[in-house]
Amino acid sequence: MPLEQSLGEGFLTTRVDAVVNWARSNSLMPMPMGLACCAIEMMAFAAPKYDVARFGSEAMRFSPRQADLMIVAGWCSYKMAHAVRRIWDQMADPKWCIAMGACASTGGMHRCYGVIQGIDNFLPVDVYIPGCPPRPEAVIHALMDIQEKIRNDYSVAQDYQSGQLPEGRLPQGSHVVTPAGDAPSKLVVHP
Amino acid sequence: MSSLPFDFTPVDTPGPQTPDNPHAKATTNCPDAVSALQEQFGDAVREVVEYANEHTVLVERDRIVEIAEYLKANHGFTYLVDLGGIDRFTEEERFEVFYNLVSITTRKRLRLKVRTEEEDPVVPTLSRTYRSANWYEREAWDMMGIRFEGHEDLRRMFMPEDFEYHPQRKEFPLLGIPGSLPLPAQRPGGELTMDPFAAAHGSKPIKSYEETSDTDDA
């Protein structure tokens, strides 16, 4: 007898990974690392007109301990980089990072001695947003990309290399579904 | 094809010294203070320039504190709006420090200037006369390397404290000196990243401490 029939109505079977990823992706708490004018657009992104509460990310957390998505908005100087990396290190795993705007992504128009030419020199960036500054829709798009990434990741096994089986961490006989290497939408079942 | 009107402000020729000069403002013209300075300090006032109704007084470096205190006490220049360094990039007296003073009571603005040599550029501090000079002088020290003698807290203003250069000097390259400004370490106690273009050279920053990075072994 199938499991659903024995449990009756109101029950649904699923994978733990899917539930955890669904919860994580719809309750991202951004750490607003507003360094320059992009922060203004980030505020609009969180405010009622663009209403990021639709995506569950309206709760900006100014404490890194309570955040799991860092939005680096604006140009970052070499002096600030040490503080940004420190805050990033204080965020609990799992965590994600958005480089918002031209300056955070590449240094932008600040091609000079004091500004880092892209925060990916010291932070693992998941999504880059172009624009100077990007519109709030673009930030929402980036957030949706992060959500897509989380949904295609596998969470319980806690392995960071997507598309590969974590070695030696799984009990015998368990089934893990991971995204296939280059196509995130295609899922591969590992027996 | 008709030519477009092109208005420009000539750089090399001073404009008319009349009130109808759009750049001229009565507030920046203070002949009383200038003549009083010349009378009081004589040779210490090296040069008085009047351009677009603005008075700029070049004074002897060693007597700047005395002159500022005199202006503050007798002409109401109680407010130091700005102070900064200029790299003139000349053989002699390379660095210049300007002081923009404002008198709120008489509604006047006056600019003082001092010059100093390239080797060991030292200017007496004005931070005891005007408290606002404190941070301005720190900025000028940071950016130009002009040392302000007597300043009680002459630390760098913007750049990290162990930075070795003065980036607003004209010989400093715009993109900086590679390796002079480190990027943060990837883990606590780890090595600082000295390459400012680490990402372009294949480095991938690690996400968390538990993760082993590909670049760690290299």
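These legends describe close-up views of a predicted model. Local features need pLDDT of at least 70, side-chain atom pairs count only at pLDDT 80 or more, and totals for chains, interfaces and linings use all residues. Residues are numbered from 1 along each chain as its sequence is written, chains are lettered from A in the order in which they are written, and side-chain values use heavy atoms, without hydrogens and water.

**View 1. Chain A and its elements.** Chain A has six helices and six strands. Helices (H or I, at least four residues) and strands (E, at least two) are DSSP runs, numbered from the N terminus. Their order from the N terminus is α-α-β-α-β-α-β-α-β-α-β-β. Of its 191 residues, 45% count as buried (under 20% relative accessible area, 1.4 Å probe, protein chains only).

**View 2. Helix α6 of chain A.** This helix covers residues 136–151. Its buried residues include A:Val139, A:Leu143 and A:Ile150.

**View 3. The largest nonpolar core.** It has 33 residues. Such a core is a set of buried Ala, Val, Leu, Ile, Met, Phe, Trp, Tyr and Cys residues joined through side-chain atoms within 4.5 Å. Elements of chain B that give two or more residues include α1 (31–41) and β5 (108–116).

**View 4. Around B:Leu110.** Leaving aside neighbours within four places in sequence, B:Leu110 is in contact (heavy atoms within 4.5 Å) with residues including B:Val57, B:Leu71 and B:Tyr99.

How values were computed. Buried means under 20% relative accessible area, exposed over 50%, partly exposed in between (1.4 Å probe, protein chains only). The expected span of a helix is 1.5 Å times one less than its number of residues.
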